[in-house]
Structures are given as structure tokens and as C-alpha cells.
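Hi everyone, thanks for coming. Have a look at the structure on the screen, and I'll walk you through some parts of it.

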Amino acid sequence: MIEQIRNNLYRIEIPLPQNPLKALNSYFIRGSNRNLLIDTGFNREECRIAMDRAIQELDIALEETDILVTHIHADHSGLAGYLARPETRIYTGGYTHKSLTQTNNLSNYHADFIKQSGLMEMGLTQDLSFHPGYRYRSAPVSHGTVVREGTLIQAGDFTLQCLMTTGHAPDHICLYDQKHKILFSGDHILGGITPNNTVWDSPWNIRIDYLDEYFKSLEKIQDLDIELTLPGHRRILTDCQGRIEELKVHHHNRLNNVLDILGNKSMTGAQVASKMKWDLNIKSWEEYPPAQKLFASGEALSHLTHLVFKGVLAKELRDGLVYYHIV
Ligand SMILES: [Zn+2]
Ligand SMILES: [Zn+2]
């Protein structure tokens, strides 16, 4: 499905089958010189078919089109390799660049993550072939352009300022067009669903408080003059500031919920995740597919880690598992 948002600006809906996110919003800006495509969909047949159809309907010349990937997640980066032509500039942050240009990816910490988080005790194996990030990742790209805070990308009438908005991913990018008061928010700000916040290392080795980074990145957006927020999933938003407030409240409620769940006990990330409320149409934790258990545990761990950084919790390593308790 294609929706025209403004003159020369389109939203392309790319289906994400069997995924709670349902679909990805890819955005296409037609330029006089070069076009820009923002985010792509998974590297799987259903996404390729939808993208190929849009390319045909919008009469997009790929050799005149650059691609910006807001972050590494395969629903955003998956088709970069498939769509890129020798002339294509692929704009990404540094983490995504390394991952897309290397055949082996950066996610070596996942095996330790599954062990230390307690997911192995719950039956998950360290084989990550079920993970959409592995199954549907992009074919390696031979070159790319790393953007930084403030990098400007011109596409037709749109001047897009790159805002590094770490939190949901280590190098997440939002794009802001001051003249049109439009924010391309990637997965930093979503409506209807809350962006997943996770940790990007094994629980024992975490050095970065990604939830804190996320809060800081929300503040970065808070004072911008925005009329239209174009997110990576679900509906277009008109009240960005209101949504930012809701997201902050959501995470503060989650932090309190994590403390309630812990009480006077010592628990692993996966044990805490199994007691949290998740927005899935599946009744019990035991029935969650492995990928959802992994995402939920990542989210629990980002909150537990934040509380460790704040000095509210302590963590300890026992038999290869990381346990958290209130100090
Ligand atoms: Zn994402
Ligand atoms: Zn996404």
C-alpha cells in the first residue's frame, strides 16, 4: 500500500508476516537529483514483493535512489543490500554500518545473553536461527556513508537533519525537516505500541545504560517544532510531544513494576520478564515464541540495568546467571 503524505513524499507499507509489528513504514522522497528511501523491510520474499511493487508503481529508478537506514534492526535494514545499486549511498550510523558491511555480524554477545539472562534455564538454546535479526538480515553491502549528529541530507525540497537518538538501538537516527516540521522517527517514537528498549551486551558485561540514553534522546526531540511524525511502524502521529510524555510515563511505570516483581527476591532478567505484562495475544509466558521471550527479557534487562546504574539494584553472577536484587 502506498500513501502520499506530501508532494513528493510517500509512505510505503511493507508487510511483516507473523510479526506483532504487522508492517513497516518505508518512506520515499522523490528528489530532482537523487531520491531517498528511508528504511526497507525484512530480507524476505513478502517484503521484497511489496517493495518491488512500490518501486514499479512510483516509477523509482534505483540507481538514482539513496537509502537511509534508521537503525540496524532487520525490519529496517533487511533490503538495503537487495535494493542498493553501485551508485546508491547507504546512510547509516556507525554500528549499523559495521554490521551491514561485515559478513559476520556484531551480535556475538547473544549466546552469553541467553545464558546469563536465564533464558537457557527456560528452554531456549543458544542457536539464534529463530531470531528475525538473523533470518532476515540484509545481504552484506560493499560500501556505506556513516552519518553523525547534524549531518544534512538533501532530497528534493526536503532538508533532513540527522539526530542521533540512541536508546532503541546503539546508533538510531531520526530525521528532522525544519521547514516542513516533519520528523521521521524510526523506532524512537511510535504510536499505539511502545518501542522496545533492550541491552546490547550480555547482562554481566553491560557498560551502557540504554534506557537512560533513550530518555535523553526523547528530550532531544521534545523541544522541536513538529507537526507530523512519521514512525517506522503503525500510524502517523500529530502530537509528538504528547506521545513523548506517554512513553516516559510508560517506562517509569515499568521501572516501578520491576521493583514490585523483585520485592525481596533475587531474580534473573528472564524471570522478571516472565512476570511483566506484555502486549501480546498469548496467555502464558510458557507459550511465547522464543523470539518474543528474547525481546521481553531484553526489555526487562534494560530496566533492571537502569536501576543498577541508579544504585537501586545490585547484580551478581552465580553459576553463569546474572541475578538482580534491591539494595
Ligand atoms: Zn527497531
Ligand atoms: Zn522496527
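Let's start with helix H10, residues 290–309 of this predicted model. Of the 20 residues of H10, 15 are buried, so this helix is largely enclosed by the rest of the structure. Just after H10 comes Gly311, with a positive phi of about 85°.

What does H10 lie across? Across strands S14 and S15, running at about 115° to S14.

So let's look at those strands. They belong to an open sheet of 3 strands, in the order S13-S15-S14, with antiparallel pairing. The edges are S13 and S14, each of which pairs on one side only. Strand S14, residues 313–318, is joined to S15 by 6 bridges. Strand S13, residues 267–268, pairs with S15, residues 321–326, over 2 bridges.

Met267, meanwhile, stands opposite Tyr324 in S15.

Now look at the turn between S14 and S15. This hairpin has 2 residues between its strands, and Asp319 there takes a positive phi near 50°.

Why point out a positive phi at all? Because most residues other than glycine have a negative one. Here are two further examples. Lys22 is not a glycine, yet its phi is positive, about 70°. You'll find Lys22 in the loop between S2 and strand S3, the latter being residues 23–29. Lys22 counts as partly exposed, because it has 13 C-beta neighbours inside 10 Å. Then there is Asp59, also not a glycine, with a positive phi near 55°. Asp59 sits in the loop between H1 and S5. Is Asp59 buried or exposed? It is exposed, because Asp59 has 7 other C-beta atoms within 10 Å.

Next, helix H7, residues 210–222. The same length check works here: at 1.5 Å a residue, 13 residues should span 18 Å, and the end C-alpha atoms of H7 are 18 Å apart, which agrees. Which residues of H7 are buried? They are Tyr210, Leu211, Glu213, Tyr214, Ser217 and Ile221. These residues cover an arc of only 150° around the axis, so they are on the same side of H7. And what covers them? The cover includes S10, S11, helix H8 (240–262) and our friend H10.

S10 is residues 173–177, S11 is residues 182–186, and His180 lies in the loop that links the two. His180 is partly exposed, because 17 other C-beta atoms lie within 10 Å of its own. Leaving out residues up to four places away in sequence, His180 touches Arg6 and Phe158. Compare that with Ser142, which is 38 residues from His180 along the chain: their C-alpha atoms are separated by 33 Å.

There is another sheet to see. This one is open as well and has 7 strands, in the order S1-S2-S3-S4-S5-S6-S7, with mixed pairing. Its edge strands are S1 (2–6) and S7 (145–146), each pairing on one side only. Inside this sheet, S4 (residues 35–38) and S5 (residues 65–68) pair in the parallel sense over 4 bridges. Leu37, for instance, stands opposite Ile67 in S5. Helix H1, residues 45–57, lies across S1 and S2, and it runs at about 155° to S2.

Finally, let's zoom out to the whole chain. How many helices and strands does the protein chain have? There are 10 helices and 15 strands. The C-alpha trace spans about 60 × 40 × 35 Å along its principal axes. For 327 residues, a compact globule would have a radius of gyration near 20 Å, and the chain has 20 Å, so the two agree. Of those 327 residues, 46% count as buried. And among contacts between residues at least 6 apart in sequence, 64% join residues at least 24 apart.

Note on methods: Residues numbered from 1 in each chain as written. Chains lettered and ligands numbered in written order. Predicted model: local features only at pLDDT ≥ 70, side-chain atom pairs only at ≥ 80, totals over all residues. Pairing = 2+ DSSP bridges. Buried ≥ 20, exposed ≤ 12 C-beta atoms within 10 Å, placed from the backbone. Contact = placed C-beta atoms within 7 Å. Rg over C-alpha atoms; globule rule 2.2 N^0.38 Å. Axes fitted to C-alpha atoms, helices over the stretch in contact; angles between N-to-C directions. Expected span 1.5 Å × (residues − 1). Arc of directions from axis to C-beta.
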